[in-house]
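I set aside some time to look through one structure and keep notes as I went. Here is what I had open on the screen.

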Amino acid sequence: MLNKFEELSSPKAKNLKLLYSLVRKLGPVTINTLAEHTGFKHVTCGRLLDELVAEDLIYDSGIGKSSGGRKPLAYVIKPDAYNLIGVEITSLYTTVLLLDLKLNIIGVKKLKMTTECTGEYTLNYVAKCVEDLLAEHNVPRKKLLGIGIGVLDSFDPAMGVISHPQLFPAGGWDINIIEYLKHKTNTPVFLENGTNLAALAEYRMNFWKETDNLVFVSSDIGIRCGTIFQGRLVSRKRDMDDTFGHIIIDIHGRRCSCGSYGCLQAYSSLPAIRDEMVRLMKRGKPSMLTTEVNDFEEINLHHILYALEQNDALCLEVVEDAAYYFGVGLSNLIFLLRPEIVIFGGTLVPKPRFFEVAAKTAQDRLKFYPDSHVQIIKSTEAYNIVAQGAGCMVLDYFTEEVPIPV
């Protein structure tokens, strides 16, 4: 039934969709609370809930609080009623997750992107992972609601193509991702900006009972942010998804790939960190990477992440500088958007020093406003959060309102 919500337009179908969405958000939740939120009569609300129970979409959690008599029914969604596939495609890794409806991870497949990982090769890998994950976890094909894909590069939604694939080790990305995977899997496929999806996943999984306003920031191949405003994902114009990376932090600073000088992207992204490492090593600065390559120009982003994990002194120094600039940029973003919660994600967050330095820098610059209490925290699933958000996008398509276009 859940996969029919989007197709049905009758008042009853819309009411069922609304109730399911509220149970998903508020559960465990009683009929009285749902009636207050919807304005439905108690008997109407109960009848609709019984229908959702009969369809095996929700159930009584058994943890309703009694005020002296019989415990009231307290409904929650049934997480295994359907399943979702969430995918993240980047130039470093492709991640494929099998999820339940609460975005819990049931199975994981990862592909390290190498020179053989063309667009077609990667999408064939994703399609095979879908079949393998369903088989490994005994999930019937009819329970797969859809496939969501998050990408960190600009894309053309009409063509389903990554517009400007950055630093992918292999070509062949002039391919319609949506249509290709639909054909390979015979399943609905959705494509969206990865940072937006990370914000969506964090909100749905962890914060939608706490706040309706949060920002997700990420420093990776690029620097991006996703925004939840008044409980809804803010969807920006497709060619401006990376604008956070191009705020100016030093008007006389480094030249950025966009042509401007002093952009945050030129200081705090992984490519910027890599370029600074190469520059310093050429000047004679010692690093463990000296013995890893024959030519410093051969150093890639995987080398940088490895050196950081090994606490290479030069790499830590460069990353701390990058984190400081990121904190400066983040404080500017907070001044503009005034979120209640800021969540850090991306490849650098689980590594040493980046989060700590960036968060402290931002908080120090916010001290002028002592009553402005902004939580700055790490993402709960730094390596999987985009793919979880991609799965969430599928469920939202059938059960939630569309994003706000700005």
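My entries follow, starting with the ground rules.

**Ground rules.** I am reading a predicted model, where local features need pLDDT of at least 70 and side-chain atom pairs count only at pLDDT 80 or more, while totals for chains, interfaces and linings use all residues. Residues are numbered from 1 along each chain as its sequence is written, and side-chain values use heavy atoms, with hydrogens and water left out.

**Entry 1: the cores.** I looked up the nonpolar cores, meaning sets of buried Ala, Val, Leu, Ile, Met, Phe, Trp, Tyr and Cys residues joined through side-chain atoms within 4.5 Å. Buried means under 20% relative accessible area, exposed over 50%, and partly exposed in between (1.4 Å probe, protein chains only). The largest core has 52 residues, and Val217, Phe326, Leu330, Phe344 and Ile376 touch the most other members. Elements giving two or more residues to this core include β10 (214-219), α8 (270-282), α9 (301-309) and α10 (313-337). Here helices (H or I, at least four residues) and strands (E, at least two) are DSSP runs, numbered from the N terminus. I noted that α10 gives the most, with 12 residues. A second, separate core of 36 residues includes Phe40, Tyr75, Ile77 and Leu84.

**Entry 2: helix α9.** Is α9 enclosed or open? Seven of its nine residues are buried, so α9 is largely enclosed by the rest of the structure. Among the buried ones I found His302, His303 and Ile304. The buried residues of α9 pack against β4 (93-99), β5 (105-112), α8 and α10. At the start of α9, a side-chain oxygen of Asn300 reaches to within 3.0 Å of the backbone nitrogen of His302. After α9 comes Asn311, with a positive phi near 60°.

**Entry 3: α8 against α10.** These two helices, α8 and α10, pack at an angle of about 135°, with their axes 10 Å apart. Axes are lines fitted to C-alpha atoms, for helices over the stretch in contact, and angles run from 0 to 180 degrees between N-to-C directions. I therefore call α8 and α10 oblique to each other, since angles under 35 degrees count as roughly parallel, over 145 as roughly antiparallel, 65 to 115 as roughly perpendicular and the rest as oblique. Contact means heavy atoms within 4.5 Å.

**Entry 4: Val394.** I found Val394 in helix α12 (residues 385-399). At 0% relative accessibility, Val394 counts as buried. Val394 and Ile147 lie 247 residues apart in sequence and 6.7 Å apart in space, C-alpha to C-alpha.

Conventions:
A polar contact is a pair of N or O atoms within 3.5 Å; within protein, one must be able to donate a hydrogen and the other to accept it, and residues adjacent in sequence count only if both atoms are side-chain atoms.
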